[in-house]
Amino acid sequence: MSEITEKDVKRVWVEKDAICVELKDGRIGKELIRDYEPLRNATREQLENCRVDLDGVWFDDLDEGLALSGFFAPKKMNPVGRVFWLFPELNAAAFARRLGIPQPLFAAYVNGTKKPSAARRKKIDEEFHRIGRELMKV
């Protein structure tokens, strides 16, 4: 499947538990709100204040975005995503900022639509370990 861009999107809407995207070809993709901490804590008004921008759905009030590709990718467990699934109290967006990785790219790593290079995966793993060591000192 080719990369999905804003030109492919017909509409975006918010359901009770999901953000939904319909493409011009009729496909509909969903991302569960519960899977993203900034969305879980947002008001409906904040969720509805979104727009499609390049290759993602951007929530202006939250300064967060979701990659369009994630709405249509098979949901599978990957090593990076597994950590955030096992520990939902971790904030993937904050983790991405800590690493200096754009949040939409890191979200793609988490949801498995993109795979980090070996070097980037090593940095991600090192950061998980660094946070663990910092927690042990508290």
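## Strands, cores and helices of a predicted model

In strand β3, Leu32 is the bridge partner of Ala18.

The bridge between Ala18 and Leu32 belongs to the pairing of β2 with β3, two strands that run antiparallel and are joined by 5 bridges. Together with β1 they make up an open sheet of 3 strands, arranged in the order β1-β2-β3 with antiparallel pairing. Because β1 and β3 stand at the edges with a single partner strand each, one side of each has no neighbour in the sheet. From one strand to the next, the twist averages 15°.

A further pairing involves strands β5 and β6. Strand β5 (residues 56-59) pairs with β6 in the antiparallel sense over 4 bridges, and Leu66 in β6 is the bridge partner of Val57. The two strands form a hairpin with 4 residues between them. In the turn, Asp63 has a positive phi of about 55°. Within β6 (residues 64-67), Glu64 and Leu66 point one way while Gly65 and Ala67 point the other way, yet all are buried.

The largest nonpolar core contains 18 residues, of which Ile19, Val21, Leu39, Leu47, Phe59 and Phe71 touch the most other members. At least two residues of this core come from each of β1 (9-14), β2 (18-23), β5 and α3 (68-72). Apart from this core lies another, of 10 residues, among them Phe95, Phe106, Tyr109 and Phe128. As for Val21, its contacts beyond four places in sequence include Val9, Val12, Trp13, Ile28, Val57, Leu68, Phe71 and Phe72. Arg11, Arg27 and Gly29 are also among the residues that Val21 touches.

Two helices, α6 and α7, are now described in turn. In α6 (103-111), 7 of the 9 residues are buried, so this helix is largely enclosed by the rest of the structure. The buried residues of α6 are Gln103, Phe106, Ala107, Ala108, Tyr109, Val110 and Asn111. Their cover includes β3 (28-32), β6, α3, α4, α5 and α7. After α6 comes Gly112, whose phi is positive, near 85°.

Helix α7 (residues 118-137) has 20 residues and reaches 29 Å from its first C-alpha to its last, close to the 28 Å expected at 1.5 Å a residue. Ile124, Glu127 and Phe128 are buried in α7. Seen down the helix axis, the buried residues of α7 fall within an arc of 100°, so they line one face of the helix. An α-helix has 3.6 residues a turn, so residues three or four places apart point the same way.

| Feature of α7 | Residues or elements |
|---|---|
| Buried residues | Ile124, Glu127, Phe128 |
| Exposed residues on the face turned away from the buried side | Ala118, Ala119, Lys122, Lys123, His129, Met136, Lys137 |
| Elements packed against by the buried residues | α4 (79-86), α5 (92-99), α6 (103-111) |

Ile131 also has its place in helix α7. Not counting residues up to four places away in sequence, Ile131 touches Phe95 and Arg98.

Note on methods. Residues numbered from 1 in each chain as written. Predicted model: local features only at pLDDT ≥ 70, side-chain atom pairs only at ≥ 80, totals over all residues. Heavy atoms only, no water. Expected span 1.5 Å × (residues − 1). Buried < 20%, exposed > 50% of the residue type's maximum accessible area, 1.4 Å probe, protein only. Arc of directions from axis to C-beta. Contact = heavy atoms within 4.5 Å. Pairing = 2+ DSSP bridges. Core = buried A, V, L, I, M, F, W, Y, C linked by side-chain atoms within 4.5 Å. Axes fitted to C-alpha atoms, helices over the stretch in contact; angles between N-to-C directions.
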